[in-house]
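Take the sequence and the model together, and follow the side chains from one region to the next.

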Amino acid sequence: MKAKIFFALFTLLSPMAGQVLNETTQINAQDTGETTTPEGMTYDEAVAHADANPDQVAGFDQIFRDSITNNNAYGYSLTQSQYDWLPDDAAYWAFVHHSQVNPTGGDPGTALGALFEVFPDLETVDEPPTTMTYEEAVAHADMNPNHVERFDEIFRDWIGHQEGRFNLTQAQYDWLPDDAAYWTYVHFLQTMGYSGDTASVIEALFEVYPELETITEEPEGMTYDEAIAYADANPDMVDGFWQIFRDSMTNDGIYGYTLTQAQYDWLPEDAAYWAFVHHSQVNPMGGDPGTALAALFEVYPELESVTAEESTEPEEDQTINENPPADSMTINETEYIVDSYYILRPGEAGNQSEDQYMFVVEFEDEHTLQEWYDNVEVSQTQLLNQAEYVVEEEELEIVAPNEVTEEEESDTEETQFVYYELTDLTTPVLMSLEDQAIKVNPNEVFNLPPASAAYLNQGNVQGLIYDYGTVYGLTQGEVNAEVFEPVADESTISPEATKLIDEIKAQSGIEAWYVYEIDVDYEYDYETADVLATEDLEDDDTNEPAEIAVISTESDWQDMTFDGVDYFGLHDWTQLGLEEN
């Protein structure tokens, strides 16, 4: 049977009604002067008796329900409309009154008699209550917040319900505005009056919010930043991932994945951390050991190829620098030397896409672009989408494979760039050439300064430009910089850096700037969260790279401090978020 709900039109002062009955009884006793009949309880005694005996009060409500179908066997019969009309505490006050007027006990008939004495308006309830106007419904909702709260309880209880025309999902409930129960209650009073069942409440909800029928998606997972913060705040849960990984070696595949000892030994020390971060992003509804292991294989797809014959020592991740030491990969007798790799945010200079993060590889110009694409596999969970560009003359010349010509292949550029669209920002990128590979963790790249960006200090008297492996310093006056060299020929400045210099001129309103440059390497300090910038040419005296500056940021490089000077960025990346891709 569907649960019935009822809402009273009037404000019933039930305690006062009980008090009036108590006084009437006392007056009648005084008028007659009779003392032979035992007196009933006083009002206070009856209330205390009701409070101490909730089961007996519930028994009165059962009598009222039974009377609907007992053909007047109790001397009284309620109709369904009369029962629906009763307030929620009707049985309580009927019990209180019954205890006052029936000192020798009673039966179902006296219980019903007490009900009609407390609520004499029951005699006039013959037809279902009428509906309300909008103004009446709003006023009634404002006067009965507990009824509105009951509607919200019905919504929550209906989640996952499979009975009736409308089914409410968790995603639909989460979508509802805070005042959904209020306006659904108002609509219900206008269309249904006071009577109805829970299914009619849900139907009213869908009538007020018809767009609910289009909400079928599950809630999104955490953003990258949220997942990082969540992992940092819950080291015990990260350790739990390690336990799952260990258990999977002996659980005979009950998790859907099984790690071998060689695979487990291969894992880097922070494997559980990054698997947990990725899991928090892709599993919004939680997960289980199987989804934890799936996240591990998504972050480290190379696990599939680790066999018992391989070394059980985990391979060491390369340091992700703007200009790392050259790594060579050999196929047959052909050598590809990777000079640097970068990640460009959408809209960052050098990235012609406004909505895709780009993985950029700079390799030494001993081979054509087409040879790179033919021989080197670049992948995450799946092969990355090769980025196609329409190249403008004034921009950096990046040639897509289908546009390579013999004349372009014979160009004498020192390095060439290849571009790929990233599928996500947590899964490592592999550059593979047969049995050799370079692994890049995107999350580590974002610890370093952006590949291409412009900054000004607060007084607009100093500018700074990151241009891949080069830093340009801009000043209002000529300075004697210790490590920066003046740019003797502005035609040597890259097209991206030239654009950024123009942006600094437009932002500051100043056209004349002195420009200095230096080629740099970067090293991230995980203890201090600072970046050390060093000159990429070794110092002749110490045989060590000269330190240029300590760099830090607390805003994902929107603002930053370079060698003790605060700078603000000219590009707003705060709206992108690391979850954009």
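What follows starts with the aromatic rings, moves to a pair of strands and ends inside the cavities. The model is predicted.

The aromatic pairs in this structure number 21. One of them joins Phe-151 and Tyr-185, whose ring centres lie 5.1 Å apart with 75 degrees between the planes, an edge-to-face arrangement. The two residues come from distant parts of the chain, 34 residues apart. Phe-151 belongs to helix α8, residues 145–158, while Tyr-185 belongs to helix α10, residues 180–191. Both Phe-151 and Tyr-185 are buried.

A second pair is formed by Phe-241 and Phe-245. Their ring centres are 6.2 Å apart and their planes meet at 75 degrees; since an angle over 60 degrees counts as edge-to-face, this pair is edge-to-face. How accessible are the two residues, Phe-241 and Phe-245? Phe-241 has a relative accessibility of 8% and counts as buried, because the limit for buried is under 20%. Phe-245 is also buried, with a relative accessible area of 0%.

Phe-241 and Phe-245 also belong to a cluster linked by ring pairs.

The next element is a strand. Is strand β5, residues 358–364, enclosed or open to the outside? Six of its seven residues are buried, so β5 is largely enclosed by the rest of the structure. Strand β5 pairs with strand β8, residues 415–421, and the two run in the antiparallel sense over seven bridges. Within this pairing, Val-360 has Tyr-419 of β8 as its bridge partner.

How many cavities of 30 Å³ or more does a search of the whole structure find? The search finds two. The largest cavity holds about 60 Å³ of space. Ten residues line the largest cavity, and those nearest its centre are Ile-343, Val-445, Pro-449, Pro-450 and Ala-451. By class, the lining of the largest cavity consists of eight nonpolar residues and two charged ones, with no polar residues.

Notes:
Residues are numbered from 1 along each chain as its sequence is written. This is a predicted model: local features need pLDDT of at least 70, side-chain atom pairs count only at pLDDT 80 or more; totals for chains, interfaces and linings use all residues. Side-chain values use heavy atoms; hydrogens and water are left out. Rings of Phe, Tyr and Trp (its six-membered ring) pair if their centres lie within 6.5 Å; planes under 30 degrees apart count as stacked, over 60 as edge-to-face and the rest as tilted. Helices (H or I, at least four residues) and strands (E, at least two) are DSSP runs, numbered from the N terminus. Buried means under 20% relative accessible area, exposed over 50%, partly exposed in between (1.4 Å probe, protein chains only). Two strands pair if DSSP finds at least two bridges between them. On a 1 Å grid over the protein atoms alone, a cavity is a set of points where a 1.4 Å probe fits but cannot get out, and a pocket is an open set with protein on both sides within 12 Å along at least five of seven lines; lining residues have an atom within 4 Å of a point. Grid points are joined across faces, edges and corners, and a volume is the space filled by probe spheres set on the points. Ala, Val, Leu, Ile, Met, Phe, Trp, Tyr, Cys and Pro count as nonpolar, Asp, Glu, Lys and Arg as charged, and the others, Gly among them, as polar.
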